[in-house]
Amino acid sequence: MKVRRVGDAALLIETEAPHRVHAAVRRLALPEVVGVVPGARTVLVTVRPGTDVGRLGPLLDDLPLPEIDEVAADPVCFPVVYDGADLDEVAGLTGLSRDEVVARHASAEYVVAYLGFSPGFGYLTGLDEALHVPRRDSPRTAVPAGSVAIAGPYGAVYPTPSPGGWRLLGRTTITLWDVERDPPSLLQPGTRVRFAAERARVRAVPPAGSGPKGTEVTR
Amino acid sequence: MTIEVVRPGPLCTVQDLGRPGYAHLGVPHSGAADAASLRLANRLVGNPEDAAGVELTFGGAALRFHAPAWIAVTGAPVRVSPGAMNAPCHVPAGTTVEFGVPSAGVRTYVAIRGGVDVPPVLGSRSTDLLSGLGPDPLAAGDRLAVGRASEPITVDCAPGYEPEDEPVLRVLPGPRDDWFESLEPLIRGGYEVSSHSNRIGVRLEGRPLVRRRDGELPSEGMVIGALQVPPNGLPIIFLADHPTTGGYPVAAVLTTADLGRAAQLRPGQRVRFRLLAGL
């Protein structure tokens, strides 16, 4: 591992195992540490101003790492209605049928690499390579909470309504972000995630072309 | 006891020292952009340093006090009537305090003895303009409750933020200085502060930093004071509401002592950097 200085109150640990380093730093429970933030290949450790970061560096460099199974959070499974606005476009970009896009998205196993963009927004690794498609050229100004989306090598579920440029495949009703909950985010760095196709629930006013009335919810 | 917002000015928000410790869940730090000025204002009225106050952006606000209060105004210097900067001031019940437009700097802080008491979200009363956490920016007619004071007032006045024509901010190189040919553009010539600056970051215009390598940086954690360099080569100084992770390399980071001065940089103003050797 290489430890880089980030100003006078933070260190950046470069590692191929960010979740294990993240867990190991938290286990140390150092009183001067304010935040431990995993990235794609790093862990940022922020400390109280005035801390001697030069002394902290070697300590973090020699950190004994826990096994990944010890630190993995409880797995989460999202039931998804795959009726996203970009499903046809993703099918076109990948040369797959809509059903194949859904099947590939729902059969992969994902891990939350890190969170960012907005509170509770996890970047999920494990997306089928056939589904690696670029972001939309122009982002939407409003993406509803619960939107299941992909972009580049990542999958995600939008935790709150926000602008967004990812390709929308479907939606889930699971709440990802709730400030009254502890922790407020359903997803943590390292959480394992699965998706399961669910058939559309009946709506009060069915949109044109939707399924027959009386469709049962199946998971 | 309540305070009524008669006029919020261009942007008026409740701020304390923010939400540290949630960045791994994507929650920005937030809090007073010039935290040193908020801490000072709180000390002047006998509050804990992390009590919530009001952050004015380019002044222009008016607050009516429905009960007697002690207030302290710090940060970007404005005319306070009735009152003064950098000293505890007693405000009789029914007084409307008017805040002028700052002659220098951007952000003025108003601490009220007892602290602004709005419901905390994740341990903080700060308005976060990136994520939307915390109270909305204040609007005319809003009423703010005030908490209970705990400590006596022990200071008469204090040296506050001192405006500078062309600040020289101290930076430490890295963590990604090796992505650039040289950090020399930072120290030579300086930059002009862009009008597209806000609580998320201060954008700079001037000589771009030149990349030494292509490709994308895998997203990594960001800190307040980071000089993040997007593909156009012009650094953005991250302030309190910066995103928690980012995919552009950080060439250098401000020293903690200079964060407040960065938050007072005004569009059109010039700024330079001084590179400290790695510690």
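How many residues of chain B are in contact with chain A? The legends below take up this question first, then turn to chain B as a whole and to one proline of chain A.

**View 1. The side of chain B that touches chain A in this predicted model.** Here 29 residues of chain B are in contact with 34 residues of chain A. Two elements of chain B, β14 (220–221) and β18 (250–254), each give two or more residues to this side. Sorted by class, the chain B side holds 15 nonpolar residues and 13 polar ones, along with one charged residue.

**View 2. The fold of chain B, with three helices and 19 strands.** Along the principal axes, the C-alpha atoms of this chain fill a box of roughly 60 × 40 × 35 Å. The radius of gyration of chain B is 19 Å, which agrees with the value near 19 Å for a compact globule of 279 residues. Of those 279 residues, 54% are buried. Take the contacts in chain B between residues at least 6 apart in sequence: 76% of them join residues at least 24 apart.

View 3. For a sense of distance, the C-alpha atoms of P189(A) and I13(A) are separated by 16 Å, and the two residues are 176 residues apart along the chain.

Definitions and conventions: Residues numbered from 1 in each chain as written. Chains lettered and ligands numbered in written order. Predicted model: local features only at pLDDT ≥ 70, side-chain atom pairs only at ≥ 80, totals over all residues. Helix = DSSP H or I, 4+ residues; strand = E, 2+ residues; numbered from the N terminus. Rg over C-alpha atoms; globule rule 2.2 N^0.38 Å. Buried ≥ 20, exposed ≤ 12 C-beta atoms within 10 Å, placed from the backbone. Contact = placed C-beta atoms within 7 Å. Nonpolar A, V, L, I, M, F, W, Y, C, P; charged D, E, K, R; others polar.
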